[in-house]
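I opened the notebook to record what I looked up on pockets and helix packing. The entries follow in the order in which I made them.

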Amino acid sequence: MKNYKEAIGIDVSKKTLDVSCHLLGKHKVFANDIRGYRSMLSWVGKEVKESFFYCFENTGNYSLKLSCYLSGQGVDYVEENPLRIKRSLGLVREKSDKVDSRLIARYAWLCREELTMSEAKSLVYQELGRLLGLRDQMVRNRAGLLGTLKEMEHLLGSPSTDIGCICIKRTIASLDKQVKAIEARMDQILREDEELSGNYGLLLSLRGIGFVVACQLLYHTQNFRQFDSWRKFSSYCGLAPYDHQSGSGLRRKRQCHWIGDRKMKTLLSMAGISAIQHDPELRAYYKRKIAEGKPKMLALNNVRNKLLARAFSVVKRGTPYVVLQQYAA
């Protein structure tokens with residue numbers, strides 16, 4: 001990593017940015033908008049005369065605009081996982097935006113040799129991520145309304161004429177229409193990009209992986225560029241088992257860690273169940289693990305990892321997956 005002489009910590013909130021210089025010990029507050037970013041760069045440029053880099057937590061939409069601006073200006077910065085920063089701080093008694101910015105600057109300075117400079121996602125992935133999140137929210141709302149409608153129909157004698165049931169049905173129909181519009185736009189994004197379109201078609205050749213899972217895989221891996229292997233992505237999703245032992249008194253079975261992308265873990269679980277039903281090779285593999293005495297969830301986790309391994313393999317080879325068992329004599 002470049003030989004930096006200063007680390008600048010930024011605590012990002014909805015309206016403001018608290019900026020602290022670690023070694024200089026200076027602090028200032030700026031607005032979380034374009035004018036504030038310009039003022040921040042100007043202030044830091046005057047205060048710090050040697051090479052430096054910025055560090056801030058990934059806070060979703062609040063930090064997205066900042067990361068895009070810094071990338072556009074060619075400024076070195078690290079957008080770090082908030083949990084990683086929090087667990088490195090030790091015992092902290094005081095809590096404020098000013099204190100948080102100083103702690104982030106301290107973390108950046110102490111870990112500067114291990115950090116990797118960040119880069120903002122391209123506009124394609126930003127839009128795809130927004131659409132995936134919006135679609136997920138609409139699907140959850142639709143599921144909640146369906147449950148409410150079912151309870152009301154069970155309670156009422158003539159639900160077809162009840163104004164409440166009619167309104168819920170209209171809302172559900174509207175949500176269905178909006179979800180289809182979002183999916184159409186997502187499909188258009190994938191078709192317009194040649195590399196995304198090619199890998200999207202390869203992923204759909206795998207039984208168990210459909211439209212939503214394929215989109216999520218392409219988004220989280222940034223078209224399979226962010227992760228070197230399926231094992232690293234499995235760890236990211238919380239599917240990789242780890243040892244848990246200490247000395248001779250504490251020995252537990254290998255199990256998955258609770259830290260991971262829960263949305264991807266849930267989607268891969270559903271994809272694994274679908275693959276067991278429709279893929280003869282994975283169905284035989286799942287039954288073999290059950291026959292060996294493995295718990296069902298452990299066998300399902302093995303299937304999920306098999307799917308990830310296949311997904312990374314077909315993208316690396318550039319050829320669709322072929323179920324060899326159907327050609328066996």
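**Pockets, then helix pairs**

I began with the second largest pocket, in which about 350 Å³ of space lies. A pocket here is an open set of points on a 1 Å grid over the protein atoms alone, where a 1.4 Å probe fits, with protein on both sides within 12 Å along at least five of seven lines, and lining residues have an atom within 4 Å of a point. The volume is the space filled by probe spheres set on the points, which are joined across faces, edges and corners. I noted 13 lining residues, of which R254, Q255, C256, L298 and N301 are the closest to the centre of this second largest pocket.

Before going on, I wrote down that this is a predicted model, in which local features need pLDDT of at least 70 and side-chain atom pairs count only at pLDDT 80 or more, while totals for chains, interfaces and linings use all residues. Residues are numbered from 1 along each chain as its sequence is written, and side-chain values use heavy atoms, with hydrogens and water left out.

I then looked up which elements line the second largest pocket: β7 (250-256) and α12 each supply at least two residues, and α12 gives the largest share, 6 residues. Helices (H or I, at least four residues) and strands (E, at least two) are DSSP runs, numbered from the N terminus.

Next I turned to the largest pocket, with a volume of about 2000 Å³. I found 44 lining residues, and N58, E79, K121, Q226 and Y236 are the closest to the centre. The largest share of this lining, 7 residues, comes from α5, and α8, α9 and α10 are among the elements that each supply at least two.

How do α9 and α12 pack? I recorded helix α9 (residues 230-237) and helix α12 (residues 296-317) at an angle of about 135°, with axes 9 Å apart; axes are lines fitted to C-alpha atoms, for helices over the stretch in contact, and angles run from 0 to 180 degrees between N-to-C directions. The pair is therefore oblique, a class left for angles that are not under 35 degrees (roughly parallel), over 145 (roughly antiparallel) or 65 to 115 (roughly perpendicular). On the α9 side W230, F233 and S234 meet N305, L308, A309 and F312 of α12, where contact means heavy atoms within 4.5 Å.

Last, I checked α8 and α10, whose axes come within 10 Å and cross at roughly 140°.
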